[in-house]
Amino acid sequence: MATSRPMRWEILDGYYVLVVGAGGIGCELLKNLVLTGFKNIDVIDLDTIDVSNLNRQFLFQKKHVGKSKAQVAKESALQFCPTVNITAYHDSIMNPEYNVEFFRKFMLVMNALDNRAARNHVNRMCLAADIPLIESGSAGYLGQVTVIKKGLTECYECQPKPTQKTFPGCTIRNTPSEPIHCIVWAKYLFNQLFGEEDADQEVSPDTADPEAAWNPEDTATHATASDKDGDIKRVSTKEWARSTGYDPAKLFNKLFKDDIMYLLTMDKLWKTRKAPTPLDWQQLENSARPQEVSAGLGLKDQQVLGVWGLCQLFQLSVETLRSQLQEKGEGAELVWDKDDPPALDFVTAAANLRMHIFSMNMKSPFDVKSMAGNIIPAIATTNAVIAGLIVLEGLKVLSGELESCRTIFLNKCPNLRKKLLIPCVLDPPRASCYVCASQPEVTVKLNVHKTTVLSLQDRILKERFGMVAPDVQIEDGKGTILISSEEGETETNNSKILADFGIRNGSRLQVDDFLQDYALLVNVLHTEELERDVEFEVVGEAPDKAPPPQSTQEEVKNITNGNKDSAQPSTSFKEDDDIMIVDSGEEEEEEEGASSSTAVTTSASKRKHSDAETGETSTKRPRTDQSSAAAATNDDDNDDDDIIALD
């Protein structure tokens with residue numbers, strides 16, 4: 001990419017840069033930095049190397065499995081240039097040790113992360129330290145790179161990110177309509193049988209389903225069961241499973257026959273849906289045919305098993321997991337891991353059997369793993385392209401050419417102008433951003449008579465607003481300390497509700513995170529009309545901007561057959577690289593001057609970019625229609641240095 005003045009390569013010796021993450025993008029990035037001529041590099045990553053990393057993270061080999069990614073990446077990169085000074089940290093960037101002063105040692109920070117919490121944290125640390133940050137991400141064939149500079153560009157959190165997609169419990173338990181619903185149900189089932197039981201992850205039919213509106217006392221007698229042990233009992237799922245000795249046949253009939261027959265008695269559910277078809281272990285065993293064990297050709301993990309093949313997989317996985325529990329001893333629990341074969345086999349079998357029951361196309365183990373782990377398969381070439389773009393944008397930053405930096409999107413297919421890389425002018429900071437605004441402020445709608453101090457701390461401040469160690473003071477004229485980051489100071493407050501401290505509608509909380517050098521004013525909006533299972537809502541950055549309760553758009557709760565094909569599971573804790581997708585049929589932005597005027601004239605029309613984690617969209621850039629883009633074709637030749645065109 002062209003810059004207005006050339007980089008003097010010899011001065012790279014004096015630049016200190018930080019690479020956060022040594023995975024798919026991080027490995028390529030570290031290699032690029034070393035070969036470009038950077039001499040002082042720090043790299044930090046908490047992870048260790050797994051076998052599944054070896055197909056795309058080329059600084060690692062089989063002999064490195066189990067070792068620190070950061071340390072091995074350093075050792076491998078030094079083979080390209082032994083004179084480079086690389087410091088590796090096998091640690092979390094969110095450790096308090098890496099404070100603002102730590103970040104101020106560097107002239108540039110480059111993110112190669114795979115989760116939003118860490119991205120938010122690095123974003124805030126770079127803002128506090130006033131250090132340029134290059135943010136990046138990839139998902140399959142898609143990717144993006146952008147530059148963040150305090151006061152000049154949007155920060156990572158300026159544009160709201162859609163929350164992880166969630167599903168109503170009644171959809172998961174009663175009326176699944178998509179494979180992802182069955183996969184989520186199967187992961188719940190794993191925890192109920194072998195892991196830590198969670199009341200929010202119940203798998204039995206939901207008799208409180210508001211759509212069913214039935215009387216269990218009148219219809220429960222219509223549900224039949226194969227035997228006493230297989231009957232539907234309102235007891236702990238794990239307790240019942242233990243009482244059967246984790247017998248695969250009894251588990252099967254309970255889950256895929258008795259519970260399904262119980263669902264069929266809720267006849268109102270099936271007036272507009274195709275009713276499920278129960279399965280019986282004995283009948284399937286008697287009618288099994290050899291060709292049903294495996295269907296399809298190709299790699300084993302890409303084959304879709306037949307129904308009896310799934311039954312056998314279910315039996316084998318249950319027996320293996322039962323043995324693992326017994327080896328761990330009384331009271332032991334297993335943790336679901338997509339890379340653990342028995343755990344994945346169990347979820348694959350259970351999910352596919354439920355898909356078959358509800359007349360859905362079944363999925364291969366590869367597909368189940370991708371969906372259950374919330375994973376978009378990583379592609380090495382995408383990471384290589386993104387890593388190269390990071391270095392090119394970094395050279396612009398270090399050359400003092402921030403005005404020539406761009407947000408660059410990598411598309412799967414060329415757009416109308418045959419371009420895969422789409423450069424867009426960096427947006428200025430959003431005035432209402434609750435992170436980089438001069439006086440960050442938000443309004444949170446909650447019930448002060450139900451919300452506890454611990455929930456405020458963990459669910460709202462840490463989880464929703466990404467704080468690490470928040471301190472909270474009530475603006476009540478007395479300076480009451482509600483939450484202290486100092487251990488033991490306010491722990492007695494945790495179980496109390498907010499109303500106990502005089503917090504009511506209109507109260508204001510001053511929140512500070514010393515580690516992030518970040519302060520946020522939280523305005524409390526009391527309500528008793530939140531949706532079921534919703535603890536709070538963020539309705540605006542300031543009270544005068546908060547929409548009235550009746551106009552708040554709620555998450556769509558009812559998902560019927562055939563909807564939400566792109567939905568992602570709510571049960572996975574691993575998040576993939578955040579990316580913003582530019583539709584391949586749309587034109588890229590004009591250069592800086594033209595783009596500014598375009599933004600003014602088309603502010604009401606926004607280009608939508610899809611969030612890779614959720615499939616939801618968020619507004620990001622002004623849309624340029626095809627006619628104006630075609631007219632501008634001859635006016636933007638200076639863009640050609642910033643893109644790759646396909647002949």
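The questions and answers below go through a predicted model of a protein and the terms used to describe it.

Q: What makes up the protein in terms of helices and strands?
A: The protein has 17 helices and 16 strands. Of its 647 residues, 52% count as buried. The accessible surface comes to about 29400 Å², and 50% of that belongs to carbon and sulfur atoms.

Q: What share of the contacts with a separation of 6 or more comes from residues 24 or more positions apart?
A: Such residues account for 70% of those contacts.

Q: Why is Cys170 called buried?
A: Buried means under 20% relative accessible area. Cys170 has 14% relative accessibility, so Cys170 counts as buried. Cys170 lies in helix 5, which covers residues 169-173. An unreviewed UniProt entry carries the annotation "active site" for Cys170.

Q: Why is Ser359 called partly exposed?
A: Partly exposed lies between the limits of under 20% for buried and over 50% for exposed. The relative accessibility of Ser359 is 40%, so Ser359 counts as partly exposed. Ser359 is found in the loop between helix 12 and helix 13.

Q: What is noted about the phi angles of Ser359 and Lys418?
A: Phi of Ser359 is near 60°, a positive value in a residue other than glycine. Lys418 is not a glycine either, and its phi is positive at about 60°. Lys418 sits in the loop between strand 7 (406-410) and strand 8 (421-425).

Q: How many aromatic pairs does the structure hold, and why is the pair of Tyr98 and Phe102 called edge-to-face?
A: There are 18 aromatic pairs in the structure. Rings pair if their centres lie within 6.5 Å, and planes over 60 degrees apart count as edge-to-face. The ring centres of Tyr98 and Phe102 are 4.9 Å apart and the planes stand at 65°, so this pair is edge-to-face. Both Tyr98 and Phe102 are buried.

Q: Why does the pair of Phe190 and Phe346 count as edge-to-face?
A: The centres of the two rings, Phe190 and Phe346, are 6.1 Å apart and the planes are at 65°, so the pair is edge-to-face. The pair links distant parts of the chain, with Phe190 in helix 6 (residues 179-193) and Phe346 in helix 12 (residues 341-357), 156 residues apart. Phe190 has a relative accessible area of 1% and is therefore buried. Phe346 is at 0%, so Phe346 counts as buried.

Q: Which residues do ring pairs link into a cluster?
A: The cluster is made of Trp185, Phe190, Phe194, Tyr246, Phe252, Phe256, Trp281, Trp308, Phe314 and Phe346.

Q: What makes both faces of strand 4 count as covered?
A: In strand 4 (residues 108-111), Leu108 and Met110 are buried on one side, and Val109 and Asn111 are buried on the other. In a regular strand the side chains alternate between the two faces of the sheet.

Q: How do you know that strand 4 pairs with strand 1 and strand 5?
A: Two strands pair if at least two bridges are found between them. Strand 1 (residues 16-20) and strand 4 share 4 bridges in the parallel sense, and Val17 has Leu108 of strand 4 as its bridge partner. Strand 4 and strand 5 (residues 133-139) are joined by 2 bridges and run parallel. Val109 stands opposite Leu133 in strand 5.

Q: Which residues of helix 13 are buried, and what covers them?
A: In helix 13 (residues 365-372), the buried residues are Pro365, Val368, Ser370 and Ala372. Their cover includes helix 6 and helix 12.

Q: Why is Leu520 called buried?
A: Leu520 is at 0% relative accessibility, so Leu520 counts as buried. Its place is in strand 13 (residues 518-526). Beyond its neighbours within four places in sequence, Leu520 is in contact with residues including Tyr434, Phe465, Met467 and Leu509. Leu520 and Ala437 are 83 residues apart in sequence, and their C-alpha atoms are 9.9 Å apart in space.

Key. Residues are numbered from 1 along each chain as its sequence is written. This is a predicted model: local features need pLDDT of at least 70, side-chain atom pairs count only at pLDDT 80 or more; totals for chains, interfaces and linings use all residues. Side-chain values use heavy atoms; hydrogens and water are left out. Buried means under 20% relative accessible area, exposed over 50%, partly exposed in between (1.4 Å probe, protein chains only). Contact means heavy atoms within 4.5 Å. Accessible areas come from the Shrake-Rupley method with a 1.4 Å probe; for residues, only the protein chains shown count as cover. UniProt positions are given in the numbering used here, feature names are shortened, and annotations may be inferred rather than shown by experiment. Rings of Phe, Tyr and Trp (its six-membered ring) pair if their centres lie within 6.5 Å; planes under 30 degrees apart count as stacked, over 60 as edge-to-face and the rest as tilted.
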